[in-house]
Amino acid sequence: MTHSSEQVVPASPRPPTPAPDGTPAKPQSMKRVASASFIGTVIEFYDFNIYGVAAALVFPKVFFPALGPVAGVVASFATLGVAFVARPFGSILFGHFGDRIGRKKTLITTMLLMGVSTLLVGLMPTSATIGVAAPVLIVILRILQGLAAGGEWGGAVLFASENAPKDRRGFWSMFPSFGGGGAIILANATFFATAVGMSDATFVAWGWRLPFLASILLIAVGLWVRLSIAETPVFQKQAEHAGVARSPFLDAFRTQPGQILLATGASTMTLSLTYVGGTYLTNYGTTVLGLSRSSVLAVAVLGGVAISVAVVLGAILSDRIGRRRTIVSVASVAVVWTLVLFPILDNRSPAAFAVGAPVTMFLSGLATGPLGAFLSELFHTRYRYTATGLSYSLAGMLGGAVPPLIAGPVIAAWGGLAFGVLLALVALTSLVCVLTIGETRHRDLDG
């Protein structure tokens, strides 16, 4: 495909540093690249996920007590949803710089923004102290988290996929998503460890702050790792030989608008299953089912293990049987599973909850595993960061923000089965979008 001179700007990135004998430097190892993608995403989404856990367990009480239990939960999840609304804008903002100045520098910036925002959430006074200013400030910090998260996943995925060999691109590209599963484990385990050692009153009073404050240590580790890696060879080649896009966002929508919409639809199911299984069910288990907070958090940790294992399995399958076949198979099962999920949970037993939440997370992981490579293979290099991140972030807004926000009112009015029908329709939509896109695993990323 030809590109007009108005769309690209010549650039001359620094070539790999030669060895002392004058030979070119060897490409950086995939293990090192995968470690940087994994660790960075663990840290980014640990910060993102601890907010989700706190929104389910604590924030209705400390920031929205005047609204009552039901409306307080809705308001709390609305602040969770604000970040999903901000994520597409973060994808556009950081995608612009990621496609123009490189993946590495942009990913370092997103990590710093997320870390500072999360630390400030942990220091935030409650409504009892500063009144309505507290939820307003929380919303602002949540917007900053959303902007950072919008620029993180797409860039981390590209960092892996643009370094990976074609025949194992699915496997190596899953490490950012694998890091997301690790973040779910870490976030819930941190809250579990914090909650076990103190009373409910102490946990609500100040204990919930500890996971937020502890994140600053993780940010320091993540920055050290990301500063030690080099830019991707695919971006370097694009910048040196073809130039970079003047406006990656406009270029993407001029060239591949249909693919962006289809990629969004294809990704929506995975985000809906992740945030229903990993966030909303945490609240549902404690408030509706009457289960103890510690048992719900323990199951949430198990859910994090389930999604992590499934991400690896889904990625390996996508290299062997294809991205399309893997995601379509999961979506077909998810249509059925979401219809039976809430009837199972409404048995109100710890055993039923210990099945419902982890299975939901496992299905999400199976579909998420191929997703990094699948989205990377859809878009051209000059706007790949923008288009990949934007598709994923729009899916996060539709699948990650909306279902937890409407779940409470829908279930209260029509029951869990009605909400299951909505989730099944989301899975069906993703299935149709993936079938429309077709297979991508044999495509080259240069171009």
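Is Asp-444 buried or exposed? Asp-444 is exposed, because its relative accessible area is 56%; buried means under 20% relative accessible area, exposed over 50% and partly exposed in between, with a 1.4 Å probe and protein chains only.

The model is predicted: local features need pLDDT of at least 70, side-chain atom pairs count only at pLDDT 80 or more, and totals for chains, interfaces and linings use all residues. Residues are numbered from 1 along each chain as its sequence is written, and side-chain values use heavy atoms, with hydrogens and water left out.

A search of the whole structure gives nine salt bridges, each defined as a side-chain nitrogen of Lys or Arg within 4 Å of a carboxyl oxygen of Asp or Glu.

| Pair | N to O distance |
|---|---|
| Asp-444 and Lys-166 | 2.8 Å |
| Arg-169 and Glu-377 | 2.9 Å |
| Arg-323 and Asp-319 | 2.9 Å |

Asp-444 follows helix H19 (416–437), and Lys-166 sits in the loop between helix H6 (133–161) and helix H7 (169–173), so their bridge ties together parts 278 residues apart in sequence. Helices are DSSP runs of H or I with at least four residues, numbered from the N terminus. Lys-166 is partly exposed at 33% relative accessibility.

Arg-169 belongs to helix H7 and Glu-377 to the loop between helix H17 (371–376) and helix H18 (384–414), so this pair ties together parts 208 residues apart in sequence. Both Arg-169 and Glu-377 are buried.

Key. Helices (H or I, at least four residues) and strands (E, at least two) are DSSP runs, numbered from the N terminus.
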